[in-house]
Amino acid sequence: MTSRARLSSLLAVLFVFGNGSLIAQTADSATSGRVSQDSVTQASIDHDLLEVTIPQLEELYRSHKYTVTEVVRWSLARVAKYNGIYRAVQNLDEAGALATAAREDAEAQAGGDSFVRGPMWGVPIVTKANTSIKGLVTTDGWKGYMIPGHELVAPKDATIVAKLRAAGAVIIGQTNMPDFAASDTNRSSAYGRTGNAYDVRFSPGGSSGGTVTAVTSNYALLGNGTDTGNSIRMPAATSSVVGVFPTRGLVSIAGIAPLDWLLDNTGPIARDVTDAAIALGVMAGEDPMDPRTVGSAAKAQPGPYIQYLKADALKGKRFGVPAFVMDGTGIPFQGIPANYSASQAAAYRAASRIPLRPETRAAFMKAIEGLRAAGAAVVFDDSILPDNFAETASHVCTLPYIREGTEKFLASYGPPQYHSAEEYEKVVGARLPETIIGGMENSARSNGPSVAQAILESDPKAETDYFVPRRKTLEAYDEALDRLHLDGLVYPATQMPPPDETMPQDGRLSEGPHSDTSWVNMIGVPAVVVPGGFYPDGLPFGLELSARPWRDGDLLGWAYAYEQATKHRRPPVLVEKGLLPGAR
């Protein structure tokens, strides 16, 4: 272990476990008149609320130790103290959060001993900046939605925001994200760069890097992320938190600005599996605004998801390791267009290759020992999702349907000035970027033929170019599980450690870390990332598990058992002065 890692570990231990002695020292100092009572109170509330879980917070409320307002003020103070360095929260809604807290306190006082709290009552949370909150600007990370007089002010809440509010959650702010969620790092034109809480020089990943940094830093108990290719799971891996990618259709994405609506998903990011399970239970459910959720209740394991959290959930389970992930065989994001020649497709696939770094392979091999110690078997077999699986998945092409998602979002969640891409251009005098009306810019596609936009539901090519490859990819996934009697898969959530963004990566500005997990979005199976340990330099490593469709409860049970068996998470030690030029 390096000296930096040893120092980080020592500080983390003192930070979490030394609070009792910190309180004692404060009390001794107060006796001699050197420290005020306010310091004792601050030390006490820090001791209670740092790393607090939803069940623990519920007990604090039940015992009347704190009001919601006191807890929310504590969270807001954390943001004020550290956000200037880490820049995780783009928009702090202090007035809205305190108003919600005051209302909940009044309701609890009026209800007395018979008052019934919702499952997330009084829980401070953050939401990603692409998730609509009525009356606030949905920046989507892009400065073009922040033009004075033309801001994208949400006319109503996204479905998950309405559900979280109804459960009693208190939204304290919106988290930073890269423009349109179209990056593996967290740098936006709307707010700048978010730093990794474990070392601000390093990347927290994207595009939910703001949420993972806010949650791991104890700004809030949890938040939502969105995931089009890895964007809940990969950032969770960089920051020692739990990131849940639900079965697509379990949770509505209505009201979330899309990057690619056929791949997009949303789920909770939390510091432990229990909190993530509680939040998923709140967020899940059918929604007529999202057709893929219709009928989900009949297919999904029923909530609440905490019923699946058992310490022995891994005993007797079998997990396979995807061969193509270990080999670094890439899958082009958003797929290969059907009008590409064989040579163009091969070149595109070759450009998408993401080798597994040796240090990440070593961290993975160490992390899976925790699965085995908890009673699970881990199977390595070259026939488990080999290169031909990646080849099949590469033909799940969503590029022709990008604009359709953006148009549907603006029609329902755009401001009065514009409800379509065409209206935006007329009002603002500039087009929306191709990223959200024609597909992400990609140098590997620059020499290929253009891809015309179409409507999925009426496109005669959709069956052969999208639906058939998607079905074949899901069938190949299920076949591997059936043939080898596997319960799920396990693999590294990233192909590399978080990069140092003060240094060029491969000769250019950092764009990572990267992963080889976009196939999960293509077939919509559930996956979860749990803290899997730390690299020798003290930065986190994340372990990813996937399951069969609609087995989200089982998946969370495995994650919980691994978490309880390994106890890998430790919180970051935050700094108050910047390590980068220009930071205070």
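Modeller: The account below starts with the core and its helices and then turns to individual residues in the loops.

The model is predicted, so local features need pLDDT of at least 70 and side-chain atom pairs count only at pLDDT 80 or more, whereas totals for chains, interfaces and linings use all residues. Residues are numbered from 1 along each chain as its sequence is written, and side-chain values use heavy atoms, with hydrogens and water left out.

The largest nonpolar core comprises 111 residues. Such a core is a set of buried Ala, Val, Leu, Ile, Met, Phe, Trp, Tyr and Cys residues joined through side-chain atoms within 4.5 Å; buried means under 20% relative accessible area, exposed over 50%, and partly exposed in between, with a 1.4 Å probe and protein chains only. The residues with the most contacts inside this core are Leu 57, Val 72, Met 120, Leu 314, Leu 371, Val 490 and Leu 543. Its largest share, nine residues, is supplied by helix α5 (residues 68–86); helices (H or I, at least four residues) and strands (E, at least two) are DSSP runs, numbered from the N terminus. A second, separate core has 31 residues, among them Trp 261, Ile 384, Leu 489 and Val 520. As a general point, nonpolar side chains tend to be buried together in soluble globular proteins.

Apart from its neighbours within four places in sequence, Val 72 is in contact (heavy atoms within 4.5 Å) with Ala 97, Leu 98, Ala 101, Pro 124, Val 170 and Ile 172. The axes of α5 and helix α6 (residues 94–111) come within 8 Å and cross at roughly 160 degrees. Axes here are lines fitted to C-alpha atoms, for helices over the stretch in contact, and angles run from 0 to 180 degrees between N-to-C directions. The two helices, α5 and α6, are therefore roughly antiparallel; angles over 145 degrees count as such, those under 35 as roughly parallel, 65 to 115 as roughly perpendicular and the rest as oblique. The crossing of α5 past α6 is right-handed, that is, the near helix is turned clockwise from the far one by less than a right angle, and anticlockwise if left-handed. On the α5 side the contact is made by Val 68, Thr 69, Val 72, Arg 73 and Leu 76, and on the α6 side by Glu 94, Ala 97, Leu 98, Ala 101, Ala 102, Glu 104 and Asp 105. By class, seven of these residues are nonpolar, one is polar and four are charged, where Ala, Val, Leu, Ile, Met, Phe, Trp, Tyr, Cys and Pro count as nonpolar, Asp, Glu, Lys and Arg as charged, and the others, Gly among them, as polar.

Another helix pair is formed by α10 (residues 273–283) and α21 (residues 552–566), which pack at about 160 degrees with axes 9 Å apart. These helices, α10 and α21, are therefore roughly antiparallel, and α10 passes α21 in a left-handed crossing. Val 273, Thr 274, Ala 277 and Leu 280 of α10 meet Leu 556, Ala 559, Tyr 560 and Glu 563 of α21. This contact of α10 with α21 has six nonpolar, one polar and one charged residues.

The loop between β13 and α21 holds Trp 550, whose phi is near 75 degrees, a positive value in a residue other than glycine. Trp 550 is buried, at 13% relative accessible area. Ala 181, in the loop between β3 (170–175) and β4 (187–188), likewise has a positive phi, of about 65 degrees, although it is not a glycine. Ala 181 counts as buried at 7%.

Tyr 535 lies in the loop between β12 (527–534) and β13 (540–546) and is buried at 5%. Residues up to four places away in sequence aside, Tyr 535 touches Glu 359, Thr 360, Ala 363, Thr 494, Met 496, Pro 497, Pro 498, Pro 540 and Phe 541.

Ala 393 belongs to helix α15 (residues 387–393) and is buried at 0% relative accessibility. Leaving out neighbours within four places in sequence, Ala 393 contacts Ile 331, Thr 473 and Met 522. The C-alpha atoms of Ala 393 and Pro 469, 76 residues apart in sequence, are 6.7 Å apart in space.

Finally, two cis peptide bonds deserve mention. Gly 206 and Ser 207 are joined by one with omega of about 10 degrees, and Ser 207 sits in the loop between β5 (192–193) and α8 (209–216). Gly 512 and Pro 513 are joined by another, with omega of about 15 degrees; Pro 513 lies in the loop between β11 (488–492) and α20 (519–523).
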